[in-house]
Amino acid sequence: MMSLTGKYAVGILLTFTILAAAMLYAFPAVTRITGIKGITEVNFFLSRITLWIILILVFLYTIFIEKSAFLLKEETKYSAAFYVKAVLSLYFICLIDGGILNAIILFFIEEKISNKLLNLVPIFRNNYFLVIFTCLTAAIVEELLMRGYVQSRLEKIYNNPTVAIVISSVLFGILHSTYGTISQVLGPFFIGIVFAIFYKRYSNIKILIICHFMIDFIAMMMMNFIDMKHLSVF
């Protein structure tokens, strides 16, 4: 009979594998099913639905296979003032330090803007429902899976918070490699480190979900109004 640690390891592997497959093949699969060619609002919306399905599958895995709670860390309650301070602090750390990291990458590597991101720009233009849905999907699904599920189980497996922080952040960065640029890997890796450290210290996934949504939403709204061609996170 597989040990609980073994079940955690299998769960992490399955979660990462399915997420990576969704990032690579969800859109082509939806296109084949719908018969609608090209990047359209409908196809992209349906591709985001697959991420919610993955979250449900992992949740069911914790119930029926692990027989444990989805969030191994008990959520710590904080005041509204702490929420505001934490979200703003995390946002500006990611914005400023992430911007510096991106500038360093561009200084050493002459990197083009991700074609995948550029192709997505038109479908988000003034489509506020799709913008909000996409940001909510990324914030809720990615934080619950990568921080709430993967990070906490890595910590149990290795009994080492630092290892859990690094590995979960590396996996988070790799998942964004489908955008085809180094900055789209190192940027999410950096954000993953910041978020993972916060989650270890403060044990509150809701703050991370709010901040993740805020990062994506502001970036996409800027794209709408000033023709921004580079989004940091999906």
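How are helix 1 and helix 6 oriented to each other? The close-ups below come from a predicted model.

**View 1. Helix 1 against helix 6.** Helix 1 spans residues 4–34, and its axis lies 10 Å from that of helix 6. The two pack at an angle of about 20 degrees. Angles under 35 degrees count as roughly parallel, so helix 1 and helix 6 are roughly parallel to each other. Their crossing is right-handed. From helix 1, the contact uses Phe16, Leu19, Ala20 and Met23. Helix 6 answers with Leu171, Ile174 and Leu175. By class, this contact has seven nonpolar residues, no polar and no charged.

**View 2. Helix 6 against helix 7.** Helix 6 covers residues 161–175 and helix 7 covers residues 183–202. Their axes come within 7 Å and cross at roughly 145 degrees. This crossing, too, is right-handed. On the helix 6 side, the contact is made by Pro161, Ile165, Val166, Ser168, Ser169, Val170, Phe172, Gly173 and Ile174. On the helix 7 side, it is made by Gln184, Val185, Pro188, Phe189, Gly192, Ile193, Ala196, Ile197 and Lys200. Sorted by class, the residues are 12 nonpolar, five polar and one charged.

**View 3. The largest nonpolar core.** This core holds 39 residues. Leu90, Leu145 and Phe195 have the most contacts inside it. Helices 1, 2 (41–66), 3 (80–108), 5 (128–158), 6, 7 and 8 (205–226) each give two or more residues. Helix 5 supplies the largest share, eight residues. In general, nonpolar side chains tend to be buried together in soluble globular proteins.

**View 4. Around Phe195.** Which residues is Phe195 in contact with, leaving aside its neighbours within four places in sequence? They are Leu90, Cys94, Glu143, Arg147, Leu208, Cys211, His212 and Ile215. Leu90, like Phe195, is among the core residues with the most contacts. A separate core of 11 residues lies apart from the largest one. Its members include Phe44, Val121, Cys135 and Met220.

**View 5. Ser203 in the loop between helix 7 and helix 8.** Ser203 sits in this loop. Is Ser203 buried or exposed? Its relative accessible area is 12%. Buried means under 20%, so Ser203 is buried. Not counting residues up to four places away in sequence, Ser203 touches Lys73, Glu74, Glu75, Thr76 and Phe198.

Conventions:
Residues are numbered from 1 along each chain as its sequence is written. This is a predicted model: local features need pLDDT of at least 70, side-chain atom pairs count only at pLDDT 80 or more; totals for chains, interfaces and linings use all residues. Side-chain values use heavy atoms; hydrogens and water are left out. Axes are lines fitted to C-alpha atoms, for helices over the stretch in contact, and angles run from 0 to 180 degrees between N-to-C directions. Helices (H or I, at least four residues) and strands (E, at least two) are DSSP runs, numbered from the N terminus. A crossing is left-handed if the near helix is turned anticlockwise from the far one by less than a right angle, and right-handed if clockwise. Contact means heavy atoms within 4.5 Å. Ala, Val, Leu, Ile, Met, Phe, Trp, Tyr, Cys and Pro count as nonpolar, Asp, Glu, Lys and Arg as charged, and the others, Gly among them, as polar. Angles under 35 degrees count as roughly parallel, over 145 as roughly antiparallel, 65 to 115 as roughly perpendicular and the rest as oblique. A nonpolar core is a set of buried Ala, Val, Leu, Ile, Met, Phe, Trp, Tyr and Cys residues joined through side-chain atoms within 4.5 Å. Buried means under 20% relative accessible area, exposed over 50%, partly exposed in between (1.4 Å probe, protein chains only).
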